[in-house]
Amino acid sequence: YVKAIWIQQRLIRLLFILLMIQVACQSPAVKNQNRRMSAAAKKSSNYQIPFAQDTSFKCSFNGRPYTFYYRQPENPIQQLLVLLPGWNYSVLEWESKTKVVDTALSMGFDVFLCDMGKSVYMDSIYPETRSDYRFYPTRTWLWDSVLNKQFDRPIFDEKRLHLMGLSTGARGSVLLGMEHQNEVGGVIALS
């Protein structure tokens, strides 16, 4: 119980750090840089989330369905927080065992929870991959078939997407952040 409280406190501190980074990005120097954005980028500054309310949907990877959950804040700030669970963790534990989702929503973040099963966030399935692991999603599938298909381009073009992962989800967050550093605004990795 004490360890759970300690973990919650660390998660809240990390979310606070993310907020501070966002506030820092609103500094006059950054605002001046934003004024020099191209006309095309300016036109896309208000992205649309494809969901009108909290919802869930399924996507299949190698014939196995995985569930994704979207949570909408009352006062959106047009920033998306994607939460990745650890190996064989329920993604809903971000809601039931921590205050991360509630805190992010209260700060105005749209929240996207990704069910990833026993994924170790590989980039692809290799011929040498154990047969029982061929059914677990790859990070490439998550990026190409889920995130890019569900959300408008300005989220990526303007670095409004933030990744947060726990354990192997942290691995996935870091790797996706490295692979898509021109599109991801921030990464939080919790071991």
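The structure is a predicted model, in which local features need pLDDT of at least 70 and side-chain atom pairs count only at pLDDT 80 or more, whereas totals for chains, interfaces and linings use all residues. Residues are numbered from 1 along each chain as its sequence is written, and side-chain values use heavy atoms, with hydrogens and water left out.

The chain contains eight helices and six strands; here helices (H or I, at least four residues) and strands (E, at least two) are DSSP runs, numbered from the N terminus. Their order along the sequence is α-α-α-β-β-β-α-α-β-α-α-β-α-β. Of the 191 residues in the chain, 43% are buried, a term that denotes under 20% relative accessible area, with exposed meaning over 50% and partly exposed in between (1.4 Å probe, protein chains only). The accessible surface comes to about 10,400 Å², and carbon and sulfur atoms contribute 53% of it; these areas come from the Shrake-Rupley method with a 1.4 Å probe. Among contacts (heavy atoms within 4.5 Å) with a separation of 6 or more, 69% join residues 24 or more positions apart.

Six of its eight residues are buried, so strand 2 is largely enclosed by the rest of the structure. Two strands are said to pair if DSSP finds at least two bridges between them. Strand 1 (residues 55-61) pairs with strand 2 in the antiparallel sense over seven bridges, and Phe 57 stands opposite Phe 68 in strand 2. These two strands form a hairpin with two residues between them, and Asn 62 in the turn has a positive phi of about 50°. Strand 2 also pairs with strand 4 (residues 110-114), again antiparallel, over four bridges; in this pairing Phe 68 stands opposite Cys 114.

Strand 5 (residues 161-166) is likewise mostly covered, with five of its six residues buried. Five bridges join strand 5 to strand 3 (residues 80-84), and the two run parallel; Leu 80 stands opposite Leu 161. Strand 5 also pairs with strand 6 (residues 184-190) in the parallel sense, over six bridges, and the bridge partner of Met 164 in strand 6 is Ile 188. From strand 5 the chain passes through helix 8 (residues 168-179) to strand 6 in a right-handed β-α-β crossover: with the strands pointing away from the viewer, the path from the first strand over the helix to the second runs clockwise.
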